[in-house]
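Subject: Structure handover and findings

Hello,

Here is the structure for you to look at. My notes follow below it.

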Amino acid sequence: MVVFLLPPASRSRDPEALDKRTSMDRQQRMQSAATRLVACGPTGARAIDILVASVTKVLAEPHKERYRIVDPSHPAMHPLAEARGGTEFLWAIGYEPVHGHLVLQRHDPAQLRAGLDVLAR
């Protein structure tokens with residue numbers, strides 16, 4: 001069973017307040033999560049591949065709901081859920097926990113591209 005805990009800064013229901021509190025350190029959170037993923041070895045590498053593929057699909061087809069929802073209990077997402085930094089990276093690029101899934105509620109192409117840039121390094 002995978003349990004997702006929201007970071008303290010993400011508990012606000014007001015998206016604008018959330019952006020104000022996290023916009024300055026969002027890039028740092030992405031970088032930190034990516035660093036933890038790299039440190040996980042093969043599992044982290046597989047998680048990075050999954051993240052790159054998922055974010056690329058969201059950017060290519062932003063209105064397809066299936067690309068904006070991540071089910072961490074699905075076997076294909078197992079490396080992402082297991083690797084340190086996997087879910088943190090999703091939170092950093094804008095995914096939010098909703099009923100056991102991680103959902104990208106607000107499509108922000110610039111944020112997603114920044115996430116891809118961090119993963120590419």
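Of the 121 residues of the chain, 37% count as buried. Buried means under 20% relative accessible area, exposed over 50%, and partly exposed in between (1.4 Å probe, protein chains only). This is a predicted model, where local features need pLDDT of at least 70 and side-chain atom pairs count only at pLDDT 80 or more, while totals for chains, interfaces and linings use all residues. Residues are numbered from 1 along each chain as its sequence is written, and side-chain values use heavy atoms, with hydrogens and water left out.

The accessible surface of the chain is about 7400 Å², and 55% of that belongs to carbon and sulfur atoms. These areas come from the Shrake-Rupley method with a 1.4 Å probe; for residues, only the protein chains shown count as cover.

The chain has six helices and three strands. Their order along the sequence is α-α-α-β-α-α-β-β-α. Helices (H or I, at least four residues) and strands (E, at least two) are DSSP runs, numbered from the N terminus.

Now contacts, meaning heavy atoms within 4.5 Å. Take those in the chain with a separation of 6 or more: 68% are between residues 24 or more positions apart.

Helix packing

Two packed helices are described by the angle between their axes and the distance between the axes. Axes are lines fitted to C-alpha atoms, for helices over the stretch in contact, and angles run from 0 to 180 degrees between N-to-C directions.

How do α3 and α6 pack? Helix α3 (residues 42-60) meets helix α6 (residues 109-120) at an angle of about 155°, with the axes 10 Å apart. The two are therefore roughly antiparallel. The cut-offs are under 35 degrees for roughly parallel, over 145 for roughly antiparallel and 65 to 115 for roughly perpendicular, with the rest oblique. The α3 and α6 crossing is left-handed. That term applies if the near helix is turned anticlockwise from the far one by less than a right angle; clockwise is right-handed.

On the α3 side, the contact uses Ile-48, Leu-51, Val-52, Val-55, Thr-56, Val-58 and Leu-59. On the α6 side are Pro-109, Leu-112, Arg-113, Leu-116 and Leu-119. By class, this contact has ten nonpolar, one polar and one charged residues. Ala, Val, Leu, Ile, Met, Phe, Trp, Tyr, Cys and Pro count as nonpolar, Asp, Glu, Lys and Arg as charged, and the others, Gly among them, as polar.

Helix α2 (residues 26-39) also packs on α6, at about 35° and with axes 9 Å apart. This crossing is right-handed. From α2 come Arg-26, Gln-27, Met-30, Gln-31 and Ala-34; from α6, Gln-111, Ala-114, Gly-115, Val-118 and Leu-119. The classes here are five nonpolar, four polar and one charged.

Single residues

Leu-37 lies in α2. Leu-37 is buried, at 0% relative accessibility. Leaving aside neighbours within four places in sequence, Leu-37 is in contact with Gly-44, Ala-45, Ala-47, Ile-48, Leu-51, Ala-83, Arg-84, Gly-85 and Gly-86. Leu-37 and Arg-84 are 47 residues apart along the chain, yet their C-alpha atoms are separated by 5.7 Å.

Pro-72 sits in the loop between β1 (69-70) and α4 (78-82). Pro-72 is buried, with a relative accessible area of 7%. From Pro-72 to His-101 is 29 residues in sequence and 6.6 Å in space, C-alpha to C-alpha.

Is His-99 buried or exposed? His-99 counts as exposed, at 79% relative accessibility. His-99 is in the loop between β2 (95-98) and β3 (101-104). Its phi is near 50°, a positive value in a residue other than glycine.

Best regards
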